[in-house]
Amino acid sequence: MFVYWPDGTRSQGTAAMVGRNDILTATHTVYSPEHGGWGTSFDFYFGADYNGITDRFDSTTFTYALRAGTYSWTARAYPDAVFSDSNPLLTSAESQYDVAVLGVSLPVGDVTGWFGVDPNRNFTQLVTEIGYPDGSTGMMTADVTVTSNSLFGIYTATTNPMGPGSSGGPLFSSDGYVIGVKSAGSAATSVWADVGFTLEALRSFFSSNDSLLVAPTQALPRYSVSSTSSSVNEGGTAVFTITTQNVPVGSSLSYQLSGVSAADIVGGQLSGLATVGSDGRAVANIAIAADSRTEGPETLTLTSNGASGSLTINDSSRAPSGPPVTDIMDALGVYRAFVGTAPTAAGYGSMVSALRTSSVSAYAQSVAGTYAGVSAGALATSVLTDFGIGASSLGGPSPAASYVALQSAVASIFSINATARGQVVLNMTRLLGGLEADAVFGAAARAFDGQVLADYVRLSSGASTSDQSELLHLIGVAPTYSLT
């Protein structure tokens, strides 16, 4: 339960149904001198999977939601006895009165059912406490051994499995009856009010608050959610129908979407409103975005008033597949041979986009076009330098002579194939990749290939698993996988 106080704050507690319209909790969860007195309104989510760490519902499916403003209420509690002094810590004499019952104007118990209350369990016993303690990830249970106090109407335990937030939570006997209400605790103790201490007055209140119901047979609003199909493609529309009973025509029903991100929905809204028609149904049309991302099928769930329906979103607008890693590596080699550096991130993206629709040869020719006005001799010297090939980097008995001969040959080839310089450099890049063990060119080949590999690893940090695996195979390293 969430309690809204006169000072504008909100706190969390635990409650249980003990009658058709009777909600059992603690006095201090509905009345607080610190926050201005009586709570002004209450939200109840029966059977909810509420995560106190993230302050959200991990599951939006729960038995019933009773929201502030949708019902009227009255309460029987004991604030004067619970807060008999200015000390915020409760004494045993105060805790025995720390019980409250809220009578509400809707027969919630018709949907949730309710628990029996038994005052005759005044002995040491193994019991179960239930609550929503702060910092928990849902409704928690704990088995504890409690002792009935001989002087005061309380149960005590020498452990405290749950902290604040579990206040008002029921203490169950082994056969499922409520025997106490969580009142207080410390690091080493827990205290529950014994429901038997105030039960006669509470039972009288159980009967009197039935007058809140419009009629003895008043029907509670009910909701169910269904989808018109089991799946929808990206770019299509998911249609959900919220079917109601005992809900006025024209009512606006809020709904929430889960299982997807805002980017998956056209407009980016994960909540909305649907209006109840004369047939008792409200229809929500959810436009699904064609996001062109490869993410696999997703389950879209729409929840309204505790009822949920789901369908599958088919991943029909996948991201275009990337070019082979070998093509990317070749293109990076060509770029480095011409320019002398790796491309920028933006340049790399443009390169990959180009390779999706054209060949590496075409890309090489486009890069070479930038150098069309450079003489064959100057371009040969520049490309060899960018390859890391010079008299000082070559091996063999006559490295200087080898370099002069190579530079002359490359210049001649550039001159003869003036319109195919990109293809020439691509061929040289591929040829160099096979010379890593060569006595003359091996050192230069290993250094250049290492630079190209480093360029790819840095620029392709968003590469897919399959691309990374392919690269490992290309450089001779077997990929490894861990079991999950």
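Is Arg430 buried, partly exposed or exposed, and what is its relative accessibility? Arg430 counts as partly exposed, at 43% relative accessibility. The model behind this value and those below is predicted.

The side chain of Arg430 meets that of Asp330 in a salt bridge, with 3.0 Å from N to O. This pair links distant parts of the chain: Arg430 lies in helix α11 (residues 421–433) and Asp330 in helix α6 (residues 325–339), 100 residues apart. Asp330 has a relative accessible area of 17%. The limit for a buried residue is under 20%, so Asp330 is buried, whereas Arg430 at 43% is partly exposed.

## Other salt bridges

The structure has 8 salt bridges by the rule applied here. One of them joins Arg203 and Glu200, whose closest N and O atoms are 3.8 Å apart. Both residues belong to helix α5 (residues 199–208); because they are 3 residues apart there, about one helical turn separates them. Arg203 is partly exposed at 38% relative accessibility, and Glu200 is exposed at 60%.

Arg121 and Asp118 form another salt bridge, at 2.9 Å from N to O. Arg121 and Asp118 are both buried. Through salt bridges that share partners, Asp118, Arg121 and Asp175 are joined into one network.

## Aromatic pairs

The structure holds 11 aromatic pairs. Among them is the stacked pair of Phe44 and Phe46, with 5.9 Å centre to centre and 15° between the planes. Phe44 and Phe46 are both buried. These two residues also belong to one aromatic cluster with Phe42 and Trp73.

Tyr78 and Tyr97 form a tilted pair, at 5.7 Å centre to centre and 50° between the planes. This pair links distant parts of the chain, its members being 19 residues apart. Tyr78 is in the loop between β11 (73–76) and α2 (79–82), and Tyr97 is in the loop between α3 (92–95) and β12 (100–104). Tyr78 counts as buried at 13% relative accessibility. Tyr97 has a relative accessible area of 26% and is partly exposed.

## A charge over a ring

Which ring lies under the charged end of Arg10? The charged end of Arg10 sits over the ring of Phe2, 4.0 Å from the centre of that ring.

Key. Residues numbered from 1 in each chain as written. Predicted model: local features only at pLDDT ≥ 70, side-chain atom pairs only at ≥ 80, totals over all residues. Heavy atoms only, no water. Phe/Tyr/Trp six-rings, centres within 6.5 Å; stacked < 30°, edge-to-face > 60°. Buried < 20%, exposed > 50% of the residue type's maximum accessible area, 1.4 Å probe, protein only. Helix = DSSP H or I, 4+ residues; strand = E, 2+ residues; numbered from the N terminus. Lys NZ or Arg CZ within 6 Å of the ring centre and 35° of its normal. Salt bridge = Lys/Arg side-chain N within 4 Å of Asp/Glu carboxyl O.
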